[in-house]
Amino acid sequence: MDQGLPLCTGVPPQRPDPPDEGPETVTQTTTEPDTPRAPALPDAATVTEVRHWTDRLFSFKVERPRSLRFRSGEFVMIGLLGDTGKPLLRAYSIASPAWADELEFYSIKVPDGPLTSRLQHIRPGDQIILRPKPVGTLVHDALLPGKRIWFFATGTGIAPFASLIRDPQTYEDYDEVYLTHTCRDVAELDYGRELVDSLREDPLIGEMVEGKLFYYPTTTREESPCMGRITTRMEDGRLFSDLGVESFGPETDRAMVCGSLAFNTDMKALLEGAGLREGANSEPAEYVVEKAFVG
Ligand SMILES: Cc1cc2nc3c(=O)[nH]c(=O)nc-3n(C[C@H](O)[C@H](O)[C@H](O)COP(=O)(O)OP(=O)(O)OC[C@H]3O[C@@H](n4cnc5c(N)ncnc54)[C@H](O)[C@@H]3O)c2cc1C
Ligand SMILES: NC(=O)c1ccc[n+]([C@@H]2O[C@H](COP(=O)([O-])OP(=O)(O)OC[C@H]3O[C@@H](n4cnc5c(N)ncnc54)[C@H](OP(=O)(O)O)[C@@H]3O)[C@@H](O)[C@H]2O)c1
């Protein structure tokens with residue numbers, strides 16, 4: 001997958017102070033909920049697994065409603081009942097691929113966030129609200145055919161790409177698949193790195209990703225083998241020289257971008273500068289963008 005590539009690729013980031021244990025995972029089969037069940041929710045989905053990655057990041061899975069159809073890369077509204085009894089909903093990318101039996105989400109924990117200050121405490125067996133209307137622009141349908149697809153993520157913006165790198169269509173449509181993920185700290189890369197590693201063993205797409213999926217993690221505030229903003233590494237050409245990509249342009253390259261507003265704005269300028277045009281479901285082109293969060 002990432003063999004034979006120098007520097008940032010193929011070298012697991014070194015963590016200065018590894019925790020004694022891995023991230024805490026709680027699944028429905030091993031642990032009973034220790035809080036009382038909430039009253040029946042509208043559009044309820046039952047939590048089956050929760051995994052805490054850092055003090056500000058966690059992932060969880062819920063049972064997939066039988067009727068829910070979505071395209072890999074789309075987002076839905078999920079939430080809990082608020083104090084007033086009204087649903088408190090937020091947009092969340094579905095991190096699992098369209099074929100999966102369960103729906104996975106990868107979430108921030110905002111200390112005073114109306115939703116995530118509570119959502120971070122969910123346990124297997126709890127229920128969340130899941131509105132059954134997936135939407136979004138980070139979908140294959142919004143791009144014209146190309147040779148290479150680039151997924152550019154910062155922070156929790158990796159979530160839609162966690163879906164897309166598990167979708168066989170990604171490997172059917174493109175010869176090469178590049179996932180870049182930039183976070184402040186090394187530990188914030190763990191979710192993506194573990195996912196990429198696990199794909200090699202995946203019975204469904206393990207063979208498809210071999211030699212096609214290239215992972216390029218970088219950090220900006222903590223030392224790691226590959227430091228710096230991805231925008232900087234694009235501008236100075238190190239991204240491409242590290243990966244052995246000789247040219248980048250609208251004839252061969254397609255891109256999806258998901259991060260903060262500032263990140264998306266800077267990426268758009270770089271992609272437009274390289275000659276790519278922004279696409280949409282209604283009018284496919286060479287790149288698409290979605291915010292990982294508002295604010
Ligand atoms: C299209 C779309 C898809 C999204 N997908 C995801 C997802 O897959 N995972 C996810 O964790 N969030 C995602 N979000 C953000 C999510 O909707 C909420 O903002 C987040 O869950 C926090 O909710 P909250 O009510 O606790 O705080 P909010 O009141 O919603 O946010 C408070 C502040 O926290 C910061 N913040 C919010 N979300 C994030 C984040 N993800 N990363 C860093 N800082 C953040 C911002 O500064 C924001 O102003 C998405 C947002 C959009 C628009
Ligand atoms: N991550 C944390 O450890 C942490 C801890 C407490 C609070 N927070 C708060 O949480 C919010 C979100 O933090 P976050 O780290 O998830 O997201 P973020 O601020 O968007 O940063 C995520 C990554 O994207 C990079 N980045 C940001 N803007 C960019 C741009 N215009 N071009 C290229 N790269 C860009 C950052 O690099 P730079 O480092 O160079 O900006 C960082 O590596 C912020 O308000 C932050 O203050 C974060």
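Me: Which residues are the closest to ligand 1, and how many residues surround ligand 1?

Reply: In this predicted model, 24 residues surround ligand 1, and the closest are Gly-113, Leu-115, Thr-116, Phe-293 and Gly-295. A residue counts here if its C-beta atom, placed from the backbone, lies within 6 Å of the ligand. Two or more residues of this shell come from each of β5 (87–93), β6 (102–108), α1 (116–119) and β12 (287–291).

Me: Why is ligand 1 said to lie between domain 1 (24–130) and domain 2 (140–291)?

Reply: Both domains give residues to the shell around ligand 1, so the ligand lies between them. By class, that shell has 13 nonpolar, eight polar and three charged residues.

Me: What makes up the shell around ligand 2?

Reply: There are 16 residues around ligand 2, with Thr-154, Gly-155, Thr-220, Ser-260 and Ala-262 the closest. The elements that supply two or more residues are β9 (176–183) and α8 (261–273). Helix α8 gives the most, with three residues. The class count is three nonpolar, seven polar and six charged residues.

Me: Why is β11 called largely enclosed?

Reply: A residue is buried if 20 or more other C-beta atoms lie within 10 Å of its own. Seven of the seven residues of β11 are buried, so the strand is largely enclosed by the rest of the structure.

Me: Which residues of β11 point one way and which the other way?

Reply: Asp-253, Ala-255, Val-257 and Gly-259 point one way, Arg-254, Met-256 and Cys-258 point the other way, and all are buried. In a regular strand the side chains alternate between the two faces of the sheet.

Me: How do you know that β11 pairs with β8 and with β12?

Reply: Pairing needs at least two bridges found by DSSP between the strands. Six bridges join β8 to β11, and these strands run parallel. Five bridges join β11 (residues 253–259) to β12, also in parallel. On the β12 side, Val-257 stands opposite Val-289, and Gly-259 stands opposite Lys-291. Both pairs of strands therefore meet the requirement of at least two bridges.

Me: What makes β12 mostly covered?

Reply: Four of the five residues of β12 are buried. Strand β12 also belongs, with β11 and α8, to a right-handed β-α-β unit.

Me: Why is Gly-206 called partly exposed?

Reply: Gly-206 has 13 other C-beta atoms within 10 Å. A residue is buried at 20 or more and exposed at 12 or fewer, so a count in between is called partly exposed. Gly-206 therefore falls into the partly exposed class.

Me: Where is Gly-206 found, and what separates its C-alpha atom from that of Arg-166?

Reply: Gly-206 is in helix α5 (residues 206–209). The C-alpha atoms of Gly-206 and Arg-166 are separated by 9.4 Å, while the two residues are 40 residues apart along the chain.

Notes
Residues are numbered from 1 along each chain as its sequence is written. Chains are lettered from A and ligands numbered from 1 in the order in which they are written. This is a predicted model: local features need pLDDT of at least 70, side-chain atom pairs count only at pLDDT 80 or more; totals for chains, interfaces and linings use all residues. Ala, Val, Leu, Ile, Met, Phe, Trp, Tyr, Cys and Pro count as nonpolar, Asp, Glu, Lys and Arg as charged, and the others, Gly among them, as polar. Domain bounds come from an automatic or database domain assignment. A crossover is right-handed if, with the strands pointing away from the viewer, the path from the first strand over the helix to the second runs clockwise.
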